[in-house]
Amino acid sequence: MMRKLLRLLVFGVSIGAVLALIALLKQKNRALEEAQQRIASIEQRMHEIMASVSRESQEADLRTQLAQQRAELERLRMALATLQAQTPVSEAEPFAERSAPSSLEASMQTQASEPRADVEKASERLEQRAAPPHRQGGVGATGASLSALPAAKQRFIERALEANIAPALIERPQTLSAIDGIGPIFEQRLYNAGIGSYWEVATLDDETLRRILKLSKARAALVRFDAIRASAQRLAEETQTLGCIWSGEPVDDFEKIPGVGEVYKRRLYDAGVRTYAALASVTPQQLEEICASRSPVPPDYVGWIEAARRLAEQKARDDSKV
């Protein structure tokens, strides 16, 4: 009898230890996921900051080239003036010879015209990038691309111009769930509506936000739309993306695929994989490189691809019924 009690006691202690280990493992996995989310957010911010630094560096290089071209143009002008002063035209020369420039003068004029043309082109490019929007025909350096945007996007261009900000296009959607009051579900609804930048969210009115987020009037009364816009404006300023308009196609919600959470969804979007069809066309090896999972249990990439294929087919069938 005593032995049986001891065995039961040992068995109970073992079960308790196993349960404690399982709970500890779950807690560590949650902490790991949270850390991955923070890392992904930091990486996103770093990419945007590096892009901004690159633009500033390119502008500085362009200014330097412009200064060099102007100096070269001034040197050639002085050389041409000196040459003209040293070679006066004779009164006895025929009119045709006096009116025709010498071969050396023609050569100097040709040499001077080349840097002048380069200077004018560089100056025009620099003015387009540095001048306020109303001096650039309202579309800045990407006028052709901006003018090709659908009518629904044109209002964002107008609002940028009204704020004296040069509008620009971005191909990759920003992390809208970073906006206060916008979680993953609202983020996906904004993407589906073609909204993919902080600037666009910051310029939406209350009614448009309510319609896109699919809020009832009762629920909308509890939402602080001003706080959402203020947060989006702040993020646009911090990432130096004021006036940026998302030019990409609406994206699919990858969180419908088992195992694809916010972190992996963001990494897929950043890699250009934004639809079910695109996800169904990649290989497990490519997904492994894109997601860079640090989980002790690797994601089921093959299952992702199969689920994406089924969702893409379902989406195609739904579209054909419309």
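## Close-up views of a predicted model

**Figure 1. Helix α14 and its buried face.** The buried residues of α14 are Tyr301, Trp304, Ile305, Ala307 and Ala308. Seen down the helix axis, these residues fall within an arc of 165°, so they line one face of α14. An α-helix has 3.6 residues a turn, so residues three or four places apart point the same way. The cover over the buried residues of α14 includes α11, α12 (276-281) and α13 (284-291). On the face turned away from the buried side, α14 carries the exposed residues Val302, Ser320 and Lys321. The end C-alpha atoms of α14 are 31 Å apart, which agrees with the 30 Å that its 21 residues should span at 1.5 Å a residue. As throughout these legends, the coordinates are those of a predicted model.

**Figure 2. Surroundings of Trp304 and the largest nonpolar core.** Trp304 is one of the buried residues of α14. Leaving aside residues up to four places away in sequence, Trp304 touches Ile257, Pro258, Gly259, Val260, Tyr264, Leu268, Leu279, Leu287, Cys291 and Pro299. The largest nonpolar core has 46 residues. Those with the most contacts inside this core are Ile179, Leu190, Phe254, Ile257, Leu268, Leu279 and Trp304.

**Figure 3. Salt bridge between Lys315 and Asp252.** The closest N and O atoms of Lys315 and Asp252 are 2.7 Å apart, and the two residues form a salt bridge. Lys315 lies in helix α14 (residues 301-321) and Asp252 in the loop between β2 (244-246) and α11, so the pair ties together parts that are 63 residues apart in sequence.

Figure 4. Glu255 forms a salt bridge with Lys265, in which the closest N and O atoms are 3.4 Å apart. Since Glu255 lies in the loop between β2 and α11 and Lys265 in helix α11, the pair ties together parts that are ten residues apart in sequence. Glu255 is partly exposed, with a relative accessibility of 34%. Lys265, by contrast, is buried, and its relative accessible area is 0%. Both residues belong to a network of salt bridges that links Glu187, Glu255, Glu262, Lys265 and Arg266.

**Figure 5. Salt bridge between Arg172 and Asp270.** Arg172 and Asp270 form a salt bridge, with 3.8 Å between the closest N and O atoms. Arg172 lies in the loop between β1 (168-170) and α6 (184-192), and Asp270 in helix α11 (residues 262-270), so the pair ties together parts that are 98 residues apart in sequence. Arg172 counts as partly exposed, at 29% relative accessibility. Asp270 is also partly exposed, its relative accessible area being 23%. The count of salt bridges in the model comes to 16.

**Figure 6. Helix α5 and the residue that follows it.** In α5, Lys153, Phe156, Ile157 and Ala160 are buried. Down the axis of α5, the directions of its buried residues fall within an arc of 100°, so they line one face of the helix. Ala151 and Glu162 are exposed on the other side of α5. With twelve residues at 1.5 Å a residue, helix α5 (residues 151-162) should span 16 Å; its end C-alpha atoms lie 17 Å apart, which agrees. Asn164, whose phi is positive and near 60°, follows α5.

**Figure 7. Ile157 and Pro167.** Ile157 is found in helix α5 and counts as buried, at 5% relative accessibility. From C-alpha to C-alpha, Ile157 and Pro167 are 5.9 Å apart in space, while in sequence they are ten residues apart.

**Figure 8. The whole protein, as context for the close-up views.** The secondary structure comes to 14 helices and two strands. Of the 322 residues of the protein, 31% count as buried. The protein exposes about 19,800 Å², of which carbon and sulfur atoms supply 57%. Among contacts in the protein with a separation of 6 or more, residues 24 or more positions apart account for 66%.

Notes:
Residues numbered from 1 in each chain as written. Predicted model: local features only at pLDDT ≥ 70, side-chain atom pairs only at ≥ 80, totals over all residues. Heavy atoms only, no water. Salt bridge = Lys/Arg side-chain N within 4 Å of Asp/Glu carboxyl O. Helix = DSSP H or I, 4+ residues; strand = E, 2+ residues; numbered from the N terminus. Buried < 20%, exposed > 50% of the residue type's maximum accessible area, 1.4 Å probe, protein only. Contact = heavy atoms within 4.5 Å. Areas by Shrake-Rupley, 256 points an atom, 1.4 Å probe, with all protein chains shown as cover. Core = buried A, V, L, I, M, F, W, Y, C linked by side-chain atoms within 4.5 Å. Expected span 1.5 Å × (residues − 1). Arc of directions from axis to C-beta.
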